[in-house]
Amino acid sequence: MNITLRKFAISLTVMLGLLLSSTGMAQTNEIKKLAGYVDFGDLTSSYGEPNVEINLGPSMLQFASAIIGDDDPEALAVMKGLQAIRLQIYNIDGNADAAIDQISKSRKQLVADNWEQIVKVKKDGAETHVFMKMIDGKIEGMTVLVAGDEDQAIFINIIGNIDPKHLGKITKSFDVDIDIDP
Amino acid sequence: MKDHMSDIMNNKTKMSQQTFDDAIEELLAGDLDMQQAELLKQASASDQAMASAIIDAWALRKGLDELELESVPATLEARLLAIPSQFQARNNRFAWLNPASWQVGQSWAIGSALAMSLIIAIGINSQPNRAEILQAREDIQIALAYLGKSLNQADRVTRDELNQQMHKILAGQAPPRQHHRDIENPIKVENIDL
């Protein structure tokens, strides 16, 4: 490859990389600015990479909501209110300490950010916490923090205008079989 | 010219064939002055080969002059003369696309411009494909399923604890508040329909 071709290839690669990384970073930063965003911390050093990690931003949710169509207007309205869905599941392999420690940190931050805790259950070494972010009487974010249950640590963050009573309608609208025990 | 004649006059035997031919050509073209022509005449008088060569060349030249050549039409000549410039212009029209033709500074500038164009095109066409949308749909389902599972489990634990408390209270056993250490704000989860 001659010098000019090499320079062209380098400039193309660099600029393409910059665009792709900046697009991803821009979307991540955009989600972080939302009132309903929750920082889960990083448990990679304790448990390795998450077994399941889902990060759906506004654009992907918008496209996904198109699947519902006009058949279920109520579910469609719920979907349009959502801005992001995030999920991280770690296999804790019998050691919930790091997860519980992280949940403790997240809880402190959530309380400082005026989130409201609506569920707190501790039993047999397992913990479940549910928080909601209310702004002007509307729910703008919801998070579920679970540690120690079935050797898993589960972190869920749903961002946007949410009515928990209607979340189940979305589940029914997305008719996909998944292997999760009720 | 004088060099050719000097070579001929001073060193006839070692004269190269090229010098010999050049001198004869100049003679026939009329480029030799009288003095030089006289020198060549003297040389040819003592050199049979030179004299023969001069005669042959003169005969060839005379034969060419007598040929009747048809002149090329002016329009055809103009078109023939224009071909090189047209060909060059057509080649140059897209020459800037060839990276090999770029100068050092141009290569970066044009390369960056093309890269930006490609990036913009990618950005415009960055809508997710069907597979990505279906994956997003499944991701939503998984996230909501885990949400429902977590909340239902919390609800179940809460109900179990409440039932145990109620049974113990009804049986007159442990004081009810002793077992509330593990459960705080348990009832609100019932409002969530998943």
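## Helix α3 of chain A

In helix α3 (residues 58-65) of chain A, the buried residues are M60(A), L61(A), A64(A) and S65(A). Buried here means that 20 or more other C-beta atoms, placed from the backbone, lie within 10 Å of the residue's own. Helices (H or I, at least four residues) and strands (E, at least two) are DSSP runs, numbered from the N terminus. Viewed down the axis of α3(A), its buried residues fall within an arc of 135°, so they line one face of the helix; the arc is that of the directions from the helix axis to the C-beta atoms. The cover over these buried residues includes β1 (52-56), α4 (73-81) and β2 (82-91) of chain A, together with α7 of chain B.

## Basis of the model

This is a predicted model: local features need pLDDT of at least 70, side-chain atom pairs count only at pLDDT 80 or more, and totals for chains, interfaces and linings use all residues. Residues are numbered from 1 along each chain as its sequence is written, while chains are lettered from A and ligands numbered from 1 in the order in which they are written.

## Nonpolar cores

The largest nonpolar core has 51 residues, of which I85(A), A153(A), I156(A) and A143(B) touch the most other members. Such a core is a set of buried Ala, Val, Leu, Ile, Met, Phe, Trp, Tyr and Cys residues joined through C-beta atoms within 7 Å. Helix α7 (residues 130-170) of chain B gives the most to this core, with eleven residues. A second, separate core of six residues includes A23(B), I24(B), L32(B) and I54(B).

## Chain B

Chain B has seven helices and one strand, in the order α-α-α-α-α-α-α-β from the N terminus on. Buried residues make up 21% of its 194 residues.

How values were computed: Buried ≥ 20, exposed ≤ 12 C-beta atoms within 10 Å, placed from the backbone. Contact = placed C-beta atoms within 7 Å.
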